[in-house]
Amino acid sequence: MANRYWVGGNGSWNATSTTNWSASSGGAGGASVPTAADSVFFDQASTYTVSSGSATVLCADFTVSAGTVTFTASATGKMAISGSMAITVGTISSIGYVSYTFNATSGTKTITTGGVSFPGDFIFDGVGGSWQLQDNVTISGNNPLTLTNGSLDLNSKVFTAATFGSSNTNTRTLAFGTGNITCYRGTAAGTSIVSVNATNLTITGTPTINLTYAGALAVDLTFSAGFSESKAFNINASAGTYTLTLTSSAGNSYVKNLNLTGFAGTLGGNTTITVNIYGNLTLGSASTFAYGTNSTINFAATSGTKTITTAGVTLGACSIVFNGAGGTFQFQDNFTQSNSSTTVGVTLTNGTVDLNGKTVTCNFLATGAGTKNLTFNAGTLVARNSTTTAWNNANPTNFTTTAGTGTGKISMTGATAKTFVGGGSTYNCTLSNDGAGAMTITGSNTFTTIANGVQPTTFTFTAGTTTTVTNWNVSGTAGNLVTIGSATAASHTLSKSDRKSTRLNS
């Protein structure tokens with residue numbers, strides 16, 4: 001291992017020319033061309049150009065500490081660095097290699113760019129190697145950041161590139177601290193702005209990817225395998241009118257927080273996908289949500305309170321699932337699911353859904369076989385289907401409701417006959433028939449209040465069951481009567497919590 005110093009001003013850095021290499025700072029030229037084991041220093045206080053042609057230049061440490069240097073290369077010229085990079089601010093006017101490969105296989109190497117923008121790929125590919133940023137790094141010209149082997153420590157800095165890829169299954173570590181990877185996509189061919197396989201990938205810190213692309217060309221985020229709640233990225237899209245598609249070869253995509261504030265494009269476009277969200281969902285008010293009937297949005301956090309903000313955007317006709325054991329999902333504004341399909345709705349399987357005083361409108365609600373809670377806090381859940389079961393507590397075991405503050409409500413708005421499958425549960429809220437169609441209530445359930453918002457209306461109950469209410473706020477008007485009866489020719493008991501009861505026969 002030796003040190004090599006550039007001397008003599010303008011010259012060529014290639015595999016044969018020794019004219020500009022010295023064994024000492026400011027010394028005579030003629031020293032051997034640096035190899036991957038030799039550290040290279042540019043420390044002369046002058047202005048000069050270093051031309052590399054099509055060569056791949058090699059060095060251990062790469063240091064530029066004085067002068068004004070322009071590095072030029074042909075369309076195939078590359079730089080391979082097996083040590084650290086240290087560039088002093090203002091010392092490079094241009095550094096024009098097509099790629100920069102960091103290939104150390106041991107120790108921690110540092111990268112200091114001094115504000116220089118690099119118009120070439122940055123590739124980290126050293127088995128056992130580790131690299132730590134000392135300042136922000138910017139790659140320009142539609143070029144990618146790629147992590148193939150080793151450990152990349154952002155050290156709470158920002159790494160800006162057109163795209164980011166780490167789609168292999170090699171042993172890798174990506175340490176964010178409080179830093180982020182910012183992707184601008186550019187105008188190059190291809191649509192995948194992020195492509196990551198989490199198999200054998202360790203992620204630490206707060207993993208955040210910012211999308212700053214402001215154009216209209218389609219953008220894909222591909223998270224192909226190995227992801228989980230602890231291995232999901234925060235995605236922030238702040239501009240653009242493009243279609244943003246979350247994809248995966250295995251049919252499942254994964255994100256932590258998905259924040260589209262400022263994004264005016266379309267989220268969706270997949271034919272079949274399950275998007276697992278482990279954090280908050282925040283839509284942009286000018287965005288469009290286009291996931292369809294073959295897609296599922298699965299809120300899957302298992303701890304803490306996660307928020308859902310739709311900013312007035314109607315969600316597409318996709319399935320919405322809450323399936324995070326131990327998680328709480330709280331609405332920040334009114335939520336509306338597209339009514340273009342009667343076959344998809346909301347499923348509550350695990351966790352707590354907190355309406356938080358908001359109105360949540362869906363096609364229907366069903367329960368899955370987990371521990372689940374519906375908390376109202378003065379919110380309203382509108383189930384509008386009538387052609388299918390509008391409320392289906394098919395898995396009542398470990399299903400509870402919490403009134404919270406104020407008076408919550410389940411509003412059944414189907415214009416034709418609809419069914420409330422109660423599952424024999426307690427509903428600490430008002431159940432109201434707010435659609436013209438008759439409502440059938442099945443099971444022996446307990447309600448704070450049963451009410452109606454339309455006249456005439458019909459309530460029917462299943463045979464051999466008892467419905468218990470605290471408040472019976474059902475009323476008709478002259479010529480618009482309320483009909484109460486049993487669904488079959490048998491009896492049902494309607495009981496007020498003050499122990500008075502009425503047996504209905506039909």
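Select K409 to begin: with a relative accessibility of 28%, K409 counts as partly exposed (buried means under 20% relative accessible area, exposed over 50%, partly exposed in between, with a 1.4 Å probe and protein chains only). The structure is a predicted model, in which local features need pLDDT of at least 70, side-chain atom pairs count only at pLDDT 80 or more, and totals for chains, interfaces and linings use all residues. Residues are numbered from 1 along each chain as its sequence is written, and side-chain values use heavy atoms, with hydrogens and water left out.

D434 and K409 form a salt bridge, and their closest N and O atoms are 3.3 Å apart (the term denotes a side-chain nitrogen of Lys or Arg within 4 Å of a carboxyl oxygen of Asp or Glu). K409 belongs to strand β45 (residues 409-412) and D434 to the loop between β47 (426-433) and β48 (439-442), so the pair ties together parts that are 25 residues apart in sequence. Helices (H or I, at least four residues) and strands (E, at least two) are DSSP runs, numbered from the N terminus. By the salt-bridge rule, the count comes to one.

Turn now to the aromatic rings. The count of aromatic pairs comes to 41; rings of Phe, Tyr and Trp (its six-membered ring) pair if their centres lie within 6.5 Å, and planes under 30 degrees apart count as stacked, over 60 as edge-to-face and the rest as tilted.

Y100 and F122 are both buried.

Move to F223 and F227, whose ring centres are 5.2 Å apart and whose planes lie at 80°, so the pair is edge-to-face. F223 is buried at 0% relative accessible area, and F227 also counts as buried, at 9%.

Then display R185 with Y213. The charged end of R185 sits over the ring of Y213, 5.5 Å from its centre (the criterion is NZ of Lys or CZ of Arg within 6 Å of the ring centre and within 35 degrees of the ring normal).

Finish at F62, in strand β7 (residues 62-64). F62 is buried, with a relative accessible area of 0%. Leaving aside neighbours within four places in sequence, the residues in contact with F62 include W13, V40, F42, F71 and I95 (contact means heavy atoms within 4.5 Å). For a distance check, select A80, 18 residues from F62 along the chain: their C-alpha atoms are separated by 9.7 Å.
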